[in-house]
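Please read them with the model open.

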Amino acid sequence: QTAGLTLVRKWPVHPLRTRTDFDAVQQVVLNLIDNACKYAASGGELEVAVRGGAGQGVELEVSDRGPGVAPASHQRIFEKFHREDDRLTAEQGGAGLGLGIARQLARGLGGDLICRSREGGGASFIIRLP
């Protein structure tokens, strides 16, 4: 437990393999975890899941139980310098570059980074790797 969050890990029973740049994936995951610690600590839970994706791919999902991201902003939050105009983001420092860079890294690996609302409340960020 850190930053008021309980970490829940969901790993597959059998190992998954993919060829990718470990450092780039690590940067994306660390950015998503850092965002959850900043914006969603009040939700009390951070879940990191790894599973087989479409075809032979792998998906990593970082989910929280914080205030979530409005569906209308699921694409805009990846734009450079975009910051949601609310009290929560106003209280946190940052230039609004992290998610844009994270998506660029994921796409550079031949994958993607998407956002969706988490069932039961919160946000989920899914890294899809080929």
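1. Terms and basis. Two strands pair if DSSP finds at least two bridges between them. Helices (H or I, at least four residues) and strands (E, at least two) are DSSP runs, numbered from the N terminus. This is a predicted model: local features need pLDDT of at least 70, side-chain atom pairs count only at pLDDT 80 or more, and totals for chains, interfaces and linings use all residues. Residues are numbered from 1 along each chain as its sequence is written, and side-chain values use heavy atoms, with hydrogens and water left out.

2. Overall make-up. The chain contains three helices and five strands. Their order along the sequence is β-α-β-β-α-α-β-β. Of the 130 residues, 38% are buried (buried means under 20% relative accessible area, exposed over 50%, partly exposed in between; 1.4 Å probe, protein chains only). The accessible surface is about 7700 Å², and carbon and sulfur atoms hold 52% of that (Shrake-Rupley method with a 1.4 Å probe; for residues, only the protein chains shown count as cover). Take the contacts between residues at least 6 apart in sequence: 62% of them join residues at least 24 apart. Contact here means heavy atoms within 4.5 Å.

3. In what order do the five strands lie in the open sheet? The order is 1-2-3-5-4, with mixed pairing. Strand 1 (6-10) and strand 4 are the edge strands, each pairing on one side only. Neighbouring strands are turned by 15° against each other on average, direction ignored. Helix 3 packs on this sheet and touches strand 4 and strand 5; its direction makes about 130° with that of strand 4. For such angles, axes are lines fitted to C-alpha atoms, for helices over the stretch in contact, and values run from 0 to 180 degrees between N-to-C directions.

4. Strands 2 and 3. These two strands pair antiparallel over seven bridges. Ala49 has Glu61 of strand 3 as its bridge partner. Five residues lie between the strands of this hairpin, and Gly55 takes a positive phi near 65° there.

5. Strand 3 itself. Is strand 3 mostly covered or mostly open? It is mostly covered: seven of its seven residues are buried. In a regular strand the side chains alternate between the two faces of the sheet. Here Val58, Leu60, Val62 and Asp64 point one way, while Glu59, Glu61 and Ser63 point the other way. Note that the buried set includes Glu59, Glu61 and Asp64.

6. Strand 5 and its neighbours. Strand 5 is mostly covered too, with six of its seven residues buried. Strand 3 pairs with strand 5 in the antiparallel sense, over six bridges. Val62 stands opposite Phe125, and Glu61 has Ile126 as its bridge partner. Strand 4 is also joined to strand 5 by six bridges, again antiparallel. On that side Ile114 stands opposite Ile126. The hairpin of strand 4 and strand 5 has five residues between the strands, and its Gly120 takes a positive phi near 90°.

7. The core. In soluble globular proteins, nonpolar side chains tend to be buried together. The largest nonpolar core has 24 residues (a set of buried Ala, Val, Leu, Ile, Met, Phe, Trp, Tyr and Cys residues joined through side-chain atoms within 4.5 Å). Leu32, Leu60, Ile77, Phe78, Leu113, Phe125 and Ile127 have the most contacts inside it. Two or more residues come from each of helix 1 (22-39), strand 2 (45-52), strand 3 (58-64), helix 3 (98-108), strand 4 (112-117) and strand 5 (123-129). Helix 1 gives the largest share, five residues.

8. Leu60 lies in strand 3. Leu60 counts as buried because its relative accessibility is 14%. Not counting residues up to four places away in sequence, Leu60 touches Val25, Val29, Ala49, Val50, Phe125, Ile126, Ile127 and Leu129. The C-alpha atoms of Leu60 and Ala49 are 5.7 Å apart, although eleven residues separate them along the chain. With the same exclusion, Phe78 touches Leu99, Gly100, Arg103, Leu113, Ile114, Cys115 and Phe125.

9. Cys115 is buried, with a relative accessible area of 8%.
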